[in-house]
Amino acid sequence: MGSKVLRAESLLRILSLVFAAVAALLVGLDTQTKAVFFVTRTATVKDMEALWVMTVVFSVSAGYHLLHLFRCMAFTWLGKNPCHCNKFVAWLYFVLDQGFTYATFGATMAALQAALVGLFGVSSLQWSKLCNVYTRFCDQVAGGIICGLAATLVMAVVSAISAHRLFQLYPRSRRSSPKSAGGGRQWLLF
């Protein structure tokens with residue numbers, strides 16, 4: 001059972017690594033130059049801070065998942081079961097996996113909001129639409145955001161595996177029957 005979970009985690013980390021790297025590359029390397037009213041203007045990822053933050057977050061996330069992929073491959077090669085590690089390491093992996101999942105989700109949602117402003121504009125603030133001028137730029141950003149959402153979903157599954165591994169280290173407590181818990185009521189304390 002442990003080797004199947006380890007293989008599944010390795011596969012999910014590969015998917016997460018690929019989606020995160022593609023999202024970072026699509027958004028980070030995106031530029032388009034257009035001449036508008038005799039002025040040449042280049043749209044880059046640094047024009048919108050949310051897109052730049054997304055690029056950085058997904059680059060770091062891809063590196064993190066690459067390191068964990070190496071860890072999974074080393075455990076598979078050595079024939080060890082990573083489920084039997086100490087609680088500190090399990091908590092560390094769990095917190096890091098959760099942190100990267102939330103960070104990528106937040107960065108993707110911020111980039112999506114910035115992209116929607118570029119797509120539709122905000123007339124009350126006199127922000128004009130940009131995607132009718134820089135169409136290829138906007139299409140590439142949309143592809144990066146879709147890859148970012150896919151990476152975030154895969155990271156959520158990896159976080160669930162990490163949580164499962166962590167809570168396997170704690171002993172199961174037997175719940176008492178409802179009749180012995182004080183008159184048929186069972187009190188749950190968090």
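**Helix packing and the core**

Author: Let's start where α2 meets α3: on the α2 side the residues are Ala-50, Leu-51, Met-54, Val-57, Phe-58, Val-60, Ser-61, Tyr-64, His-68 and Arg-71, and on the α3 side Tyr-93, Leu-96, Asp-97, Phe-100, Ala-103, Thr-104, Ala-107, Thr-108, Ala-110, Ala-111 and Ala-114. Contact here means heavy atoms within 4.5 Å, and helices are DSSP runs (H or I, at least four residues) numbered from the N terminus. By class, this contact has 15 nonpolar, four polar and two charged residues; Ala, Val, Leu, Ile, Met, Phe, Trp, Tyr, Cys and Pro count as nonpolar, Asp, Glu, Lys and Arg as charged, and the others, Gly among them, as polar.

Bear in mind that this is a predicted model: local features need pLDDT of at least 70, side-chain atom pairs count only at pLDDT 80 or more, and totals for chains, interfaces and linings use all residues. Residues are numbered from 1 along each chain as its sequence is written, and side-chain values use heavy atoms, with hydrogens and water left out.

Now the geometry. The α2 and α3 axes (lines fitted to C-alpha atoms over the stretch in contact, with angles from 0 to 180 degrees between N-to-C directions) come within 9 Å and cross at roughly 155°. The two helices are therefore roughly antiparallel, a label for angles over 145 degrees. For α3 and α4, the axes come within 9 Å and cross at roughly 160°, so this pair is roughly antiparallel too. The contact of α3 with α4 has 18 nonpolar, eight polar and two charged residues.

What about the inside? A nonpolar core is a set of buried Ala, Val, Leu, Ile, Met, Phe, Trp, Tyr and Cys residues joined through side-chain atoms within 4.5 Å, where buried means under 20% relative accessible area (1.4 Å probe, protein chains only). The largest one has 23 residues, and Ala-20, Leu-51, Met-54, Phe-58 and Phe-137 have the most contacts inside it. Each of α1 (2-28), α2 (49-78), α3 (87-120) and α4 (135-168) supplies at least two of its residues, with α4 giving the most, seven. Leaving out residues up to four places away in sequence, Leu-51 touches Val-27, Val-45, Ala-111, Phe-137 and Val-141.

Apart from that core lies another, of five residues, including Val-5, Val-154, Val-158 and Ile-161. Leu-12, in α1, is in contact with Val-154, Val-157, Val-158 and Ile-161, neighbours within four places aside. Leu-12 is buried, at 16% relative accessible area.

Conventions. Buried < 20%, exposed > 50% of the residue type's maximum accessible area, 1.4 Å probe, protein only. Parallel < 35°, antiparallel > 145°, perpendicular 65-115°, else oblique.
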